[in-house]
Each structure stands twice: as C-alpha cells, then as structure tokens.
Amino acid sequence: MFARTMASPATPILAQIIPIRRCNLSCTYCNEYDKHSPPVPLDEMSRRIDKLCKLGTGIITFSGGEPTLHPDLDLLIQRAREGDAIVTIITNGYLLTPDRIKRLNAAGLDYLQISIDNVQPDEVSKKSLKVLDRKLQWLAEYADFDITINSVLGSDIRHPEDAFRIAARARELGFTSTVGVLHDGSGQLKALSPVQSDVYDRILKLRSGLFSFVHHDGFQRNIVQGLPNQWHCPAGGRFLYVCEDGLVHYCSQQRGYPAIPLARYTREDILRESAKPKGCAPFCTISCVHQTAMLDSFRTQPRAALNGIIERRKERDPGWHPPLSVRALEWMFLRDSPARSVFISLASQLFGLKQERRVLSAVESKSR
Ligand code: SF4
Ligand code: SF4
C-alpha cells in the first residue's frame, strides 16, 4: 500500500466512506450521525468501493454513523479487500459478539478502531469501558485483525483520568491505544486544560509504535497546547471523505466542499483539491488527515520528513530510542549503504512486486 500510494500524488492514501449515517448511540458532542437514515444499498456501495479501488486508494475505512448497522458490512469489507485496499472500520463496538467478530475475520478486515470516552456511561457518552469491556475481551480472544482503542480528551469529557485508564486497559489486552482531542463542530481545536494535558502526556508514555510516534510528534503536541500547526491539508485528494449520498467531501467536519459525486471524481479533481489551501488547517484536530499529510511528505521529501520527526522527538525526550519500525525507515532513507540496495531488490523480488520495485528504486534515488 505504501509503495502504491507513494507512486503518484493523484492516488488517495486514505478514504473514509459512510455505509450508513444512522447510529445506535447519541453522543452529545457528535455531528456525524442521525437516527433515521437507511443503509446505502449494497449495489451502490459496491460501485463506490470499486471506484475508490480504481483510483488506487490505499486504505478504505468504513465509519458512520455506526457501520456495523449496515446489514452487508461483511460483503463491503470483502469487496474492498478484493480491490487490494487495506480495510478498516471505526465502530462504537456495541453490536460486537463472538460470532460478529468471526464474520469480520472471514471478510478479511485488517483493522478495527473503537473510541471509548469514559469509564462509566454518562449523559455525554455511553461509549464507556464498563459497557464495552466484555466486547474488548471478545476481541482479544477472537479477532484476527488489529485493534486500536482510542480514548478521548476534551472539554466535554468529565473525568480526564478516564482516558488513561482506558489506554492502560487497551495495552493490557494487547491492543494499540491512541488518544484523540475533541474538536468542535468544524473540526477545530478546543485547547486542553493543564489536568488534561498531564493525562495526555502519561498516555503518550504508554506508546511506542510508528504511528503513535508520528501522530503525537509535532501536530499533536501543538494541538494539546492550543497552538496552530503549519501544514498543508491534502483533503479532497490524498484523503477523501465519501458521504452516504456518494459525494466526496474534504473530511467529516468540512462537508459540502467540494461535494462532487465520487462516480465522477477524477485524478484532476484529486490533484486540484489536494493542492488547495484550507483555511481551517492551523487549528484542525482531524488526526487521520494529519497522518495522511505526514505520509505524503515522505513522498515529496523522504529524508527531510523523517529527519525532522526524529530530531523533534529526540529534542523532547533525549533518552528516547526509536522503535524498530522507525529504525527500519531510518536505515532505508537516511543511511547510504550497499546493503540497503540489495535489501530493497531482494524484498521486491521475493514478493514479485514489479511496480513497487520501480517505486522503491525511485524513492531510493530521490533520497540520495
Ligand atoms: S457512537 Fe460514534 S457516530 Fe454514534 S453518536 Fe457516538 S460518536 Fe457519533
Ligand atoms: S484542515 Fe483539512 S482535515 Fe482539517 S478540518 Fe480542514 S479540511 Fe478537514
């Protein structure tokens, strides 16, 4: 996926698609659901998935509303997998049972994310550890796919300490944990209080993977401090949000732009919208788009991107040792050695990846 999406700026890295707008919960901070919409019919969803795959989309994420309310979710996942995409879902977890988890395995799901907001349910959110812990245990027991538990900090969450307990429970069960910062109705930042910032720092110390490493570096640090980020948002191009009506939007919080039907979306649209400056970028908290931008910067300036990330991280924590995934990238992009060329050539031959081999060679020569 990395090689394919790095090959061209006219390829979406990540597309979030809505199979149903309806949700079985009503979190008070959420503006992404309703209580009445029917599921998008299977044949229409299949056409949209095929179009995303034809555009070369690397990752297709089903969200909502609540995607597990769609009666054909398993078939949709299967379809996207057949189109060579990595497939993920974002769910509130309420409808998960051992049987449902086994069906997701069979469909080929790669990755599932659950956001948990508090330890005890309250009037803001029923996505609580108390209600969902049994589901998490089932996931630990039966799921073949990767699982991330996202805990949330922000002004609407009453007990910031809950986020730490949720992240610690995720680690205990062998899952990845991330921490999100609540945004307002247009995806913009609400700065964290000192207590929330302290919880945030403690959660970061639990994590070591590449994505969490990239995620909290730079962008997230500024968000927590209420500072603007200088970055280019590639939404509408490298990131797509496809609503239940089949229209492409920048993201869940900027619906209405450009609002072009996916069926008619072209590579020219991708390049044009991706390049457009977005006025909402400095205080944006939409972390999946931040991560997409970070990946995109590896295409344009691999050395500078990786160097910058590593340097900023070491500045913040002089005793930090890069995780294995970061060391591998460091070796690929930052160190010149004959062994590196041999490794890339052998790896691409082993997997029979002709196109990827060309791409990796291009990346390698760009990094010199
Ligand atoms: S579960 Fe998710 S989609 Fe449903 S209301 Fe809560 S935040 Fe919104
Ligand atoms: S900067 Fe991009 S991702 Fe963030 S709110 Fe604006 S359009 Fe959405």
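Which strand is among what covers the buried residues of α9? Part of the cover is β9 (258-261); let's see how that looks in the viewer.

This is a predicted model, where local features need pLDDT of at least 70, side-chain atom pairs count only at pLDDT 80 or more, and totals for chains, interfaces and linings use all residues. Residues are numbered from 1 along each chain as its sequence is written, while chains are lettered from A and ligands numbered from 1 in the order in which they are written.

**Stop 1: helix α9**

Select residues 267-275, helix α9, and colour its buried residues, Ile-270, Glu-273 and Ser-274 (buried: 20 or more other C-beta atoms within 10 Å of a residue's own; exposed: 12 or fewer). They share one side of α9, because they cover an arc of only 100° around the axis. Turn to the other side of α9 to find Glu-268 and Ala-275 exposed.

**Stop 2: helices α6 and α7**

Next, select α6 (residues 161-172) and α7 (residues 194-204), whose axes come within 8 Å and cross at roughly 10°. That angle makes α6 roughly parallel to α7 (angles under 35 degrees count as roughly parallel). Show Glu-161, Ala-163, Phe-164 and Ala-167 of α6 with Val-199, Arg-202 and Ile-203 of α7, which make the contact (C-beta atoms, placed from the backbone, within 7 Å).

**Stop 3: ligand 1**

Finally, select ligand 1. The residues around ligand 1 include Cys-23, Cys-27, Cys-30, Tyr-33, Glu-66 and Lys-127 (C-beta atom within 6 Å). By class, this shell has five nonpolar, four polar and three charged residues.

Methods: Axes are lines fitted to C-alpha atoms, for helices over the stretch in contact, and angles run from 0 to 180 degrees between N-to-C directions. Helices (H or I, at least four residues) and strands (E, at least two) are DSSP runs, numbered from the N terminus. Angles under 35 degrees count as roughly parallel, over 145 as roughly antiparallel, 65 to 115 as roughly perpendicular and the rest as oblique. Two residues are in contact if their C-beta atoms, placed from the backbone, lie within 7 Å. The arc is that of the directions from the helix axis to the C-beta atoms. Ala, Val, Leu, Ile, Met, Phe, Trp, Tyr, Cys and Pro count as nonpolar, Asp, Glu, Lys and Arg as charged, and the others, Gly among them, as polar.
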